[in-house]
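Please look over the structure shown here before reading the report. The report is meant for someone who has not seen this structure before.

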Amino acid sequence: MTLTAPTRTMTAEPGSGATVELRGVVKSYGSMQALSGIDLVMEPGEFIALLGPSGCGKTTALRALSGLETIDSGSILIDGVDVASTPTNKRDIGMVFQSYSLFPHMTVIENVEFGLRMRKVAKADRGARAAEALEMVGLGAHGARFAHQLSGGQQQRVALARALVTRPRVLLLDEPLSALDAKVRVQLREEIRRITRDLGITTVFVTHDQEEALAVADRVAVMRAGRIEQIGTPRELYATPANPFVADFVGLTSRIPGEIDGEVVVVHGIRLPLLGEPQPDGPVFALIRPEDVALATADAPGAIAASVVSSSFLGSLRRTEFALPDGSLIAVQHDVNDQPEVGDTAFLRLRMAPVAASARQQ
Amino acid sequence: MSAVDRATRLGAVRLGTEPSGIVRWIILGVVGVVFSIPIVAMILFSLKAGLAGGYTLDHWASLFDDDAARVYRNLFTGIGNSLLLAVVTVGIVLVVLLPTMILVHLQFPRLRRVLEFICIIPITVPAIVLVVGLAPVYSVVVRIAGGSVWTLAFAYGITVLPYAYRAIQSNLDAVDVVTLSEAGRTLSADWGRVLLFVLLPNLKRGVLAASFISVAVVLGEFTIASLLNRVNLQTALLQVSQSNPYVAVIFALLALALAFVLLLSIGRLGRTRRTGSES
């Protein structure tokens, strides 16, 4: 059967991505449920990151969307059409894999042309489009090379060009940056974001790196044990995590013992507003972000004495871990010019920012 | 030499990880002599003038005599049969074994050990035992497919399994077949095109190695053909050797040379790349 999926040009067509919807998607491997009824709606042109720890089901969700995994129940809709039983090669998607997936027996240009060739695009046309796609990722001069003659970052760029050259309705990125070194990773993620925005393509980006997800995504879905715990903009996730797991997973938090008292959490005598749903009074761990703690003087109101456990230089700032009188550890980000030594005593002040809290056994 | 270097070198020798150059040459020399003595003896024998002594090219030249085709008809029939059997056996490997291995690798990885076990079994069964088992099977095969010599390829398809399996499996292990096939499918290729345009080009070395080894095994096979009363190169050679041992040795040498060429080709394929060196 001839594939009739649309093959658009690389010219920017903002908003030309598809609406993607997962409805109650369930997938099990034996007795282990990898996806426990996922619901997710993506707007055309939206860039969504699936974020979560290993084994949370984010890659399974992506593979289900691509058709590389079948689902047990639920629906996968692309532009309102259920594609759950449509084979991968007819879903009109583009995908970049974690491991380098360029065809080693083909040159770079042949790799990029492959998708067009499979869609029976005329030879002259596909050559021009492949060259344009390579230019887009900055590798126009590398068409005659083979995969083994490229660096890891270049290979992933070619893989991106190969996935985009057919102008698929949805672009799926399965941890495409995880094998690259830190500098290339940052460069390439910015490039991916720019290109997908220019093309207006709906993009799903799987990562376990929260910084990566928060940096590039319009919205981030935090997953745990086959479920989406929260979906929102990076700002929403960071500022108003729906539960302790999200608060703990997104950004850095310190778990400090406290007590719920109505709508506040009392931590070392300081009454901090409680984030999220009300909780019954009792002992909890308050999840406090480093930027919500500051170095203070001994006479500052609410100052807590603490001793320095460790201190790390992070370039533009310094992160220091303090031990509080109850033995718990709290991280503080502060000016690089303050250089506490291990064992020093200092005073800390908690800012009146809302905090999440998780249950604590007494 | 520092103490550390000395200790490292001593450690390497003790573990046997890196034999010295002299040891390597000795091993190579002994193996070379063991292999070359019978071959040199065969060459010398094929050039012998007879019991009177001296050397001549007459035995080689006799292959090109006008009546050679008649005199050695049985031998040429054996060569033809062996070549036909080699082609059919390679066909069986490519049509049955290769797709099965790819399917198991991609879709049923848990069955890999089972498949490996099945494919290795023939190497543990002596040919004579195999024939005892195959004899009643062939009585059925003859009824269905006739008594043509090509039917022997079914038995050869079994005997080459261990060699062909190992050649293909090592190539499958060296290539990320799963990711490549998934990449192909996301780029709109159906399974047939994934196999044709993505997998086979990357499995070329393994497939060619399996094919060449199969050809070499088939050309050297004697027991099954002899006990099932079929004529192939080896059975014909035996027959000719009873009337003209010189010609039998010459053909044996030619068969050996062909097998060497095939094995050298495998080696070259292993080294040849489509482009420059790996970065």
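## Confidence

This is a predicted model. The scores for the model are ipTM 0.82 and pTM 0.78.

For chain B the mean pLDDT is 86, with 89% of the residues of chain B at 70 or more. Within chain B, helix α1, residues 3-15, has the lowest confidence, with a mean of 49. The highest confidence in chain B belongs to α10(B), at 96. Residues 275-279 of chain B have a pLDDT below 50. Apart from near neighbours in sequence, that stretch makes four contacts in the model. Where pLDDT is low, predicted coordinates should not be read in detail.

## Chain A as a whole

Chain A has 362 residues, and 45% of them count as buried. The secondary structure of chain A consists of eight helices and 20 strands.

Among the contacts in chain A with a separation of 6 or more, 68% are between residues 24 or more positions apart. Chain A is divided into two parts, domain 1 (20-239) and domain 2 (252-359). Between the C-alpha centres of domain 1 and domain 2 of chain A there are 38 Å.

## The four-stranded sheet of chain A

One open sheet in chain A has four strands in the order β2-β1-β4-β5, and the pairing is antiparallel. Strands β2 (32-42) and β5 (81-82) of chain A are at the edges; each has a single partner strand, so one side of each has no neighbour in the sheet.

Strand β1 of chain A, residues 20-29, pairs with β2(A) in the antiparallel sense over eight bridges. Two of the residue pairs can be named. A:V20 has A:M42 in β2(A) as its bridge partner, and A:K27 has A:L35 in β2(A) as its bridge partner. The hairpin of β1(A) and β2(A) has two residues between the strands, and in this hairpin A:G30 takes a positive phi near 65°.

A helix also belongs to this picture. Helix α1 of chain A, residues 58-66, lies across β1, β2 and β4 (73-78) of chain A. The helix runs at about 65° to β2(A).

## The five-stranded sheet of chain A

Another open sheet of chain A has five strands, ordered β15-β19-β16-β17-β18, with antiparallel pairing. At its edges are β15 (293-296) and β18 (329-334) of chain A, each of which pairs on one side only. On average, neighbouring strands of this sheet are turned by 50° against each other, direction ignored.

Inside the strand order, β16 (residues 304-313) and β19 (residues 345-350) of chain A pair in the antiparallel sense over four bridges. A:I304 stands opposite A:L348 in β19(A).

## One residue of chain A: A:A239

A:A239 is in helix α7 of chain A, which covers residues 234-239. Is A:A239 buried, exposed or partly exposed? It has 15 other C-beta atoms within 10 Å, so A:A239 is partly exposed; a buried residue would need 20 or more, and an exposed one 12 or fewer.

A:A239 can also be compared with A:M118. The two are 121 residues apart in sequence, and their C-alpha atoms are 46 Å apart in space.

## The domains of chain B

The domain assignment divides chain B into domain 1 (3-56) and domain 2 (68-271). The C-alpha centres of these two domains of chain B are 30 Å apart. Five residues from domain 1 of chain B and six residues from domain 2 of chain B take part in the contact between them. The side of domain 1 of chain B that touches domain 2 of chain B has four nonpolar residues, one polar residue and no charged residues.

## The contact between the chains

How many residues does each chain give to the contact? Chain B gives 19 residues and chain A gives 23 residues.

On the side of chain B that touches chain A, the elements giving two or more residues are α10 (177-186) and α11 (191-202) of chain B. The largest share, six residues, comes from α10(B). By class, this side of chain B has six nonpolar, six polar and seven charged residues.

Methods
Residues numbered from 1 in each chain as written. Chains lettered and ligands numbered in written order. Predicted model: local features only at pLDDT ≥ 70, side-chain atom pairs only at ≥ 80, totals over all residues. Contact = placed C-beta atoms within 7 Å. Nonpolar A, V, L, I, M, F, W, Y, C, P; charged D, E, K, R; others polar. Domains from an automatic or database assignment. Pairing = 2+ DSSP bridges. Axes fitted to C-alpha atoms, helices over the stretch in contact; angles between N-to-C directions. pLDDT = per-residue confidence, 0-100.
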